[in-house]
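Colleague: I'd like to learn how to read aromatic rings in a protein model. Could you walk me through it?

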Amino acid sequence: MIKGTRFAAIDVGSNAVRLLLSAVFPTKDQPFFKKISLIRMPIRLGEDAFIDHMISRTKTQQLMATMMGFKRLIEAYRPVDFRACATSAMREAKNGLAIRNRIQRETGVNLQIIDGCQEAQILLANQSWNNVSARTANLFVDVGGGSTEITIFSERKTVSLSFDIGTVRILDGLVKKKQWREMRTWVEEHCSPYRAIKAIGSGGTINKIVKQAKGKNGKSVTMGKMLEIQTLLNSYSENERVTQLGLKPDRADVIIPAMEIYLSVMAWSGTKKIRVPQIGLADGLVRMMYLQQQNHGDNNFSV
């Protein structure tokens, strides 16, 4: 059996908690990253964190059990390195740090609560920014349950900002019109200098949108097709999206506000299609660990 270099990463998000088991294989041109397994637990911490600013005892227990289970799987997988990060729900909850410390104490997992800028940097590790001229730019959009990270990368510079506009927040009625205006102003201002914008989408929900569009990994989906899918999804109830369209129960509701965010950013930036390479925060963590290992030859595996 061909053996790659193994890595593992945990992403504690606002909608779900994910464990990625990955392996990296050398090739002549560049390393090949292969997802061995992706396990997802739909805890939806954002339901508590964004409304009550506290993560409830019930969801804390769910998270603890999930992290303990993930730890056992990582130990069985035996990666050379491992990282765990938490995003907007954990950083906004008043008891987020206490839960993080409990996870460290009871499971041994060192969970880092990262800010929006750090989240964007990790996501950018997934991209190879080639063939970008001074008149064109890549627009990277990652939509999560609690926030949307937008990065514009060009030959000239890179600008990035995290907005508290996420799918769970929208469902809970927590996103104000002022926040939408602020995001629109930022996107229009930073995209206007460029003749062409190439949009790249990240996040679990955009992957499902591509699936509905019958797209393949790494393919683009046009704004026109996304509008068709939006109309289709709105014609089904949440229950029907699960039973007839095959969506997961925790995707059936958030997919609607996710469509709203992606379509809005595309319209404001003037791009007509978005490429979806189907990568996320955990993938970025794996790539960063691989680069660190190549540069330093460290073996940092511990949970």
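This is a predicted model: local features need pLDDT of at least 70, side-chain atom pairs count only at pLDDT 80 or more; totals for chains, interfaces and linings use all residues.

Colleague: How is a pair of aromatic rings described?

Modeller: You give the distance of the centres and the angle of the planes. In this structure, the count comes to 4 aromatic pairs. Take Phe33 and Tyr290: their planes are at 80 degrees and their ring centres 5.6 Å apart, so we call the pair edge-to-face. Planes over 60 degrees apart get that label.

Colleague: Where in the chain do Phe33 and Tyr290 sit?

Modeller: Phe33 is in strand E3 (residues 32–41) and Tyr290 in helix H12 (residues 281–296), so this pair links distant parts of the chain, 257 residues apart.

Colleague: Are Phe33 and Tyr290 buried or partly exposed?

Modeller: Phe33 has 21% relative accessibility, so it counts as partly exposed. Tyr290, with a relative accessible area of 12%, is buried.

Colleague: And what about Trp180 and Trp268, how are their rings arranged?

Modeller: They form an edge-to-face pair too, with 6.4 Å centre to centre and 75 degrees between the planes. Trp180 belongs to helix H7 (residues 177–191) and Trp268 to helix H11 (residues 255–269), so the pair ties together parts 88 residues apart in sequence.

Colleague: Which residues form an aromatic cluster?

Modeller: Phe7, Phe33 and Tyr290 form one.

Colleague: Which charged end sits over the ring of Phe33?

Modeller: That of Arg287, 4.2 Å from the ring centre. Likewise, the charged end of Arg169 sits over the ring of Phe50, 4.0 Å from its centre.

Technical notes:
Residues are numbered from 1 along each chain as its sequence is written. Side-chain values use heavy atoms; hydrogens and water are left out. Rings of Phe, Tyr and Trp (its six-membered ring) pair if their centres lie within 6.5 Å; planes under 30 degrees apart count as stacked, over 60 as edge-to-face and the rest as tilted. Helices (H or I, at least four residues) and strands (E, at least two) are DSSP runs, numbered from the N terminus. Buried means under 20% relative accessible area, exposed over 50%, partly exposed in between (1.4 Å probe, protein chains only). A charge sits over a ring if NZ of Lys or CZ of Arg is within 6 Å of the ring centre and within 35 degrees of the ring normal.
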